[in-house]
Amino acid sequence: MDEREFNSFSRGLPSPEELFHADEWEEREPDRQEIEDLTQKEEKAVYIQAREEAEDVRERVQMEEPAPKRKKSKLFSAGFVIGLLALALVLTNLGFFHIRLFCMMSESMGDAIPKGSVIVSYEASAEKLQTGDVITYANRDGVLITHEIVNVISNYDGNGSYAFRTKGAANETEDEEAVTYGMVKGKALFYIPYIGKPFVK
């Protein structure tokens with residue numbers, strides 16, 4: 001049947017209004033509306049279900065993907081290297097800054113400066129050394145000793161030079177020999193505990 005025959009055939013079919021009485025057609029209107037509403041609800045439910053399934057698939061893919069590796073901060077690396085270089089520069093030029101490092105080799109200072117501590121000292125003039133200061137000096141045998149000044153002798157041997165009586169914080173008696181200013185190697189500025197332990201017997 002071609003299009004012309006179909007058109008002529010369709011024109012011969014009765015319309016819905018002709019098949020049903022007007023009142024019957026109106027009675028069927030709510031049924032058609034209900035069918036349309038049901039169809040829209042089903043389409044909406046299918047759409048929601050499809051969207052939820054797509055969300056589940058996306059979440060599974062994200063969970064399966066490996067976490068991206070964090071790139072090391074170039075800034076941190078550069079800062080670390082610069083810090084090491086600066087520290088090395090300072091340590092190799094301590095003499096220029098009149099700073100010296102000493103290691104506490106005994107327990108004569110007790111808890112005040114524990115054995116194995118590294119003492120950071122600086123050169124101080126004789127006039128600025130006073131009772132309570134901790135100094136490192138070389139005794140007559142050339143052994144370095146770090147003790148506290150307990151007395152200042154301002155006119156040692158009557159020639160106006162300075163000398164000091166010293167004592168270890170953990171010792172009961174003062175050191176036997178007086179410490180002249182020429183024997184003093186430095187005044188303790190601060191100490192770093194225990195980092196010199198590997199060098200202490």
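This is a guided tour of a predicted model, stop by stop.

Residues are numbered from 1 along each chain as its sequence is written, and side-chain values use heavy atoms, with hydrogens and water left out. Because the model is predicted, local features need pLDDT of at least 70 and side-chain atom pairs count only at pLDDT 80 or more, whereas totals for chains, interfaces and linings use all residues.

**Whole chain.** Begin by colouring the protein chain by secondary structure: it has four helices and seven strands, where helices (H or I, at least four residues) and strands (E, at least two) are DSSP runs numbered from the N terminus. Along the sequence, the pattern reads α-α-α-α-β-β-β-β-β-β-β. Of the 201 residues, 21% are buried; the term means under 20% relative accessible area, with exposed over 50% and partly exposed in between (1.4 Å probe, protein chains only).

**Helix α3.** Select residues 22–64, which form helix α3 and include glutamate 59. Glutamate 59 is partly exposed, at a relative accessible area of 45%. Patches consist of residues with over 30% relative accessible area and no salt bridge, like charges being joined within 9 Å and nonpolar side chains (Val, Leu, Ile, Met, Phe, Trp, Tyr) within 5 Å. A salt bridge is a side-chain nitrogen of Lys or Arg within 4 Å of a carboxyl oxygen of Asp or Glu. Accessible areas follow the Shrake-Rupley method with a 1.4 Å probe.

**Strand β3.** Proceed to threonine 136 in strand β3 (residues 134–138). Threonine 136 is buried, with a relative accessible area of 1%. Display threonine 146 as well: the two side chains make a polar contact at 2.8 Å (a pair of N or O atoms within 3.5 Å; within protein, one must be able to donate a hydrogen and the other to accept it, and residues adjacent in sequence count only if both atoms are side-chain atoms).

**The β4–β5 loop.** Select aspartate 157, in the loop between β4 (144–156) and β5 (161–167). Aspartate 157 is not a glycine, yet has a positive phi of about 60°. Most residues other than glycine have a negative phi. Aspartate 157 counts as exposed, at 64% relative accessibility.

**Strand β7 and beyond.** Select leucine 189 in strand β7 (residues 184–192); leucine 189 is exposed at 51% relative accessibility. Together with Phe190, Ile192 and Ile195, Leu189 makes a nonpolar surface patch of about 370 Å². Finish at tyrosine 194, in the segment after β7, where phi is positive, near 70°. Tyrosine 194 is partly exposed, at 49% relative accessible area.
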